Amino acid sequence: MRGVIAAAGALLGAAALPACTNAPPRSVAAIHEAAFVLDVHADIAMPDTASIYLGADGRSQVAPDKLAAGGVDAVVLSLAVPPGPRTEEADAAAHAEAMAKVAEVNRRVAASGAALTLARSADNLVAAHEAGTTAIILGFQNARALEGSLDRIDDFYASGVRMFAFNHIAHNEFSDSSRPLFDSEKGAFEPTEEHGGLSDLGRAAVARINDLGALIDVSQSSRAATLEMIALSRTPVIASHSNAKAMSDATRNLSDEEIDRIGETGGVIGVAAFSAYLVDYSDPELKAAILERRRGVGLPDRYAYPYELYWELDDTAVRRTFLTGMSDTIGSSSVGRMVDHIDYIVERIGIDHVAIASDFNHGGGVSGFEDANQAPAITAELVARGYSEADIGKIWGGNFLRVLRAAEAGRAR
């Protein structure tokens, strides 16, 4: 499983790091092969996942054979749930949806024989790598699924979750989101903040997650909530799939202040392979084209994020046309642009604080990295920019292992 397929090696050719010893330079394929390659955020492709979110072949972008072909040793699969009404019934449905995803992962692991394993610790991840087994680690996204109960955190931890993100779109009982929800009945967005960061319940959740020895994920949370989580957490946090706002002014990307605080406290940022988080929105023509697309289907003018509120489009055909049209408007991003964001973060806070997130099965749009089997293209670009083999090992998986071990070490005894 660990071998990067011959086709990938041939594709990468003889690109290598400059020799700094008497040893011969190593090829990109060899560097990729030696690294512990971990994708810190992808979504779970359920049987009913719309084909627009899947690979060109209609399958999961992180299907086991694609992970193996790309030399990807491990992937964090997110139990993400969408926004919804703030009622007991809706929260119960969100919890059921998250648990259905847990069951689906367990089913696939059981059906794989020895090909897949559900990892519950950093040691499990390393052991799976050494055994040539692909590891899955569970993440969690959107505290709606906690049904207002701290005990639900323990339940998800027992199911294998080791990384907890409080927000997706919309504020919830625990935390403010970076993406307030549009209330179609009122014809207006939620206030920018509801709690001014975290609620009392959210603060208690930070402590509970620390006590369990799991990671706190700040992606999608508001700036105030992110900074508060960093301040409260006893261990470093992760932003599992967030890029640099200074380079791409998407609402849910990280400001320089957030990036700096994550670095100062030992955390890690997973740069996401999603064109909408990578594009430069300072271009006035692009912004105008995005607004025109949104107006064309009756979505609000407020510029927050190009795809914001597409789920409000009831007509499936209209929704699909909007998504594909907006993708055309934004255009494909590139591996180079993704590594530009890595460069930016490394220059601000150092090599120990960056990782790689595919955001597959929900993101996409990066030419050359459209399925897990193309992961070596990231390594090739890093090599071309002069990153050392040790640096690449940190970016691909070493930094995540470090913060996961730090979280485990902070577990309440």
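Ser121 is found in the loop between β3 (116–118) and α5 (122–131); helices (H or I, at least four residues) and strands (E, at least two) are DSSP runs, numbered from the N terminus. The model is a predicted one, in which local features need pLDDT of at least 70 and side-chain atom pairs count only at pLDDT 80 or more, while totals for chains, interfaces and linings use all residues. Residues are numbered from 1 along each chain as its sequence is written, and side-chain values use heavy atoms, with hydrogens and water left out.

Is Ser121 buried or exposed? With a relative accessibility of 18%, Ser121 counts as buried, since buried means under 20% relative accessible area, exposed over 50%, and partly exposed in between (1.4 Å probe, protein chains only). Apart from its neighbours within four places in sequence, Ser121 is in contact with Leu404 and Glu408, where contact means heavy atoms within 4.5 Å.

Asp48 belongs to another loop, between β1 (38–43) and α3 (64–69). This residue is exposed, with a relative accessible area of 68%. Between Asp48 and Ala412 there are 364 residues in sequence and 39 Å in space, C-alpha to C-alpha.

Most residues other than glycine have a negative phi. Asn142, however, has a positive phi near 100 degrees; Asn142 lies in the loop between β4 and α6 (151–158) and counts as buried at 1% relative accessibility. Asn361 also is not a glycine, and its phi is positive at about 70 degrees. Its place is the loop between β12 (354–357) and β13 (366–367), and with a relative accessible area of 3% Asn361 is buried.

The view now widens to the whole chain. It holds 15 helices and 13 strands. Its radius of gyration is 20 Å, close to the 22 Å that the globule rule gives for 413 residues, so the chain is as compact as a globular protein of that length; the radius is taken over C-alpha atoms, and the rule is 2.2 Å times the number of residues to the power 0.38. Of the 413 residues, 57% count as buried. Among contacts with a separation of 6 or more, 71% come from residues 24 or more positions apart.

What space is left inside? A search of the whole structure finds two cavities of 30 Å³ or more. On a 1 Å grid over the protein atoms alone, a cavity is a set of points where a 1.4 Å probe fits but cannot get out, and lining residues have an atom within 4 Å of a point. Grid points are joined across faces, edges and corners, and a volume is the space filled by probe spheres set on the points.

The largest cavity holds about 50 Å³ of space. Its lining includes Asp39, Val62, Phe360 and Trp396, and by class it has nine nonpolar, one polar and one charged residues. Here Ala, Val, Leu, Ile, Met, Phe, Trp, Tyr, Cys and Pro count as nonpolar, Asp, Glu, Lys and Arg as charged, and the others, Gly among them, as polar.

The second largest cavity has a volume of about 30 Å³. Among the residues that line it are His41, Phe140, Met163 and Asp217. The strand β4 (134–141) and the strand β5 (161–165) each supply at least two residues of this lining, and β4 gives the most, with three. The lining divides into three nonpolar, six polar and one charged residues.

Notes. 1 Å grid on protein atoms, 1.4 Å probe; cavity = no way out; pocket = protein on both sides within 12 Å on 5 of 7 lines; lining within 4 Å.
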